Amino acid sequence: MERVPLWPGAVPGTGFQAQPLPAGFPDILIRNVARPEIRVFPPPAGVPSNGLSLLLLPGGAYSWVSILNEGIEVAARFGAMGYTTFVLVYRLPGEGWEQRADVPLADARRAVQVIRLDAARRQLRPDGIMAVGFSAGGHLAASLATGYGNRVFPAVDALDDSDARPAAVAAIYPVISLSPDLGHHDSTANLLGANPTAEQIARHSPALHVTADTPPMFLAHALDDPAVKPENTLVMMRAMTAAQRPVEVHMFEKGGHAFGAGRANQPNKAWPDLFHAWAQTQLS
């Protein structure tokens with residue numbers, strides 16, 4: 001696939017240190033991201049483009065990027081519907097970055113800007129860029145929805161000052177709260193460090209930052225999720241409704257965690273079609 005670096009030169013931020021990988025570490029989980037990029041998946045041959053694009057944000061507890069089930073497989077499902085998908089390989093906060101908690105959001109913002117800059121050449125709508133995140137990537141998607149205007153590093157070039165707002169955002173079995181009673185322990189520790197302050201937790205809990213400018217959101221979760229409590233999705237739903245922002249929520253009875261594009265013979269297999277139908281109402 002085509003691979004597009006987010007920055008033409010040095011990335012913002014310093015301190016990256018590659019971490020040793022355990023023996024037999026699977027190549028479908030990406031670590032040691034020194035240079036973030038987007039991997040481009042146009043619709044397959046014979047499928048006309050619908051002009052819309054999806055920025056996919058795989059999960060991995062901010063410890064790795066789960067490139068297959070929450071990236072490539074989801075890209076294939078949406079490609080069959082005519083979407084052009086961009087899978088983000090973002091920097092991981094525990095790999096030495098000095099401003100560890102800010103690098104994933106910096107990469108997500110920049111990815112939207114890069115996609116929008118190139119939209120005309122790819123015959124895509126510049127107002128049709130949506131973000132879809134899973135698990136910790138769902139936290140990143142919700143953080144992008146509420147923090148797209150927060151330039152967390154000094155500008156590297158003029159593109160850093162361009163519009164980073166996605167038209168809509170989907171968060172699938174997302175981590176939303178980073179509080180000890182509700183959040184996902186590993187995601188919180190990897191993003192913020194071992195002993196985050198209450199201020200750090202609040203700053204990076206996106207439901208606390210929903211405003212009248214937050215893009216419409218689509219949320220999906222399985223009630224039997226053993227890893228990320230479904231209440232995370234309900235917290236985001238309540239924040240969106242309190243701010244009178246468009247939100248659609250699907251709570252599946254079964255599915256567990258990390259079901260990606262959906263599991264065969266389970267109702268959660270329908271979420272991409274549900275999202276597609278919802279997106280048409282938001283972007284018409």
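A pocket is an open set of grid points with protein on both sides within 12 Å along at least five of seven lines, and a volume is the space filled by probe spheres set on the points. In the predicted model described here, the second largest pocket holds about 160 Å³ of space. Its lining comprises 13 residues, and those nearest the centre are G60, A61, W64, S135 and H257. By class, this lining of the second largest pocket consists of seven polar residues, five nonpolar residues and one charged residue.

The largest pocket contains about 250 Å³ of space. A total of 18 residues line the largest pocket, with L105, S143, N150, R203 and H204 the closest to its centre. Two elements, α2 and α3, each give two or more residues to this lining. The largest share comes from α3, which provides five residues.

Helix α2 spans residues 103-117 and helix α3 spans residues 136-147; their axes lie 10 Å apart and form an angle of about 70°. Because angles of 65 to 115 degrees count as roughly perpendicular, α2 and α3 are therefore assigned to that class. The crossing of α2 past α3 is right-handed. On the α2 side, the contact is formed by P104, L105, A108, R109 and V112, which meet L140, S143, L144 and G147 of α3. Six of the residues in this contact are nonpolar, two are polar and one is charged. Two residues of the helix contact, L105 of α2 and S143 of α3, are also among the residues closest to the centre of the largest pocket.

The residues lining the largest cavity are W7, P12, A106, R109, R151, V152, F153, P154, V156 and D160. Seven of these lining residues are nonpolar and three are charged, whereas none is polar. R109, a member of the cavity lining, also belongs to the α2 side of the contact with α3.

Terms used: Residues numbered from 1 in each chain as written. Predicted model: local features only at pLDDT ≥ 70, side-chain atom pairs only at ≥ 80, totals over all residues. Heavy atoms only, no water. Axes fitted to C-alpha atoms, helices over the stretch in contact; angles between N-to-C directions. Helix = DSSP H or I, 4+ residues; strand = E, 2+ residues; numbered from the N terminus. Parallel < 35°, antiparallel > 145°, perpendicular 65-115°, else oblique. Left-handed = near helix turned anticlockwise from the far one by under 90°. Contact = heavy atoms within 4.5 Å. Nonpolar A, V, L, I, M, F, W, Y, C, P; charged D, E, K, R; others polar. 1 Å grid on protein atoms, 1.4 Å probe; cavity = no way out; pocket = protein on both sides within 12 Å on 5 of 7 lines; lining within 4 Å.
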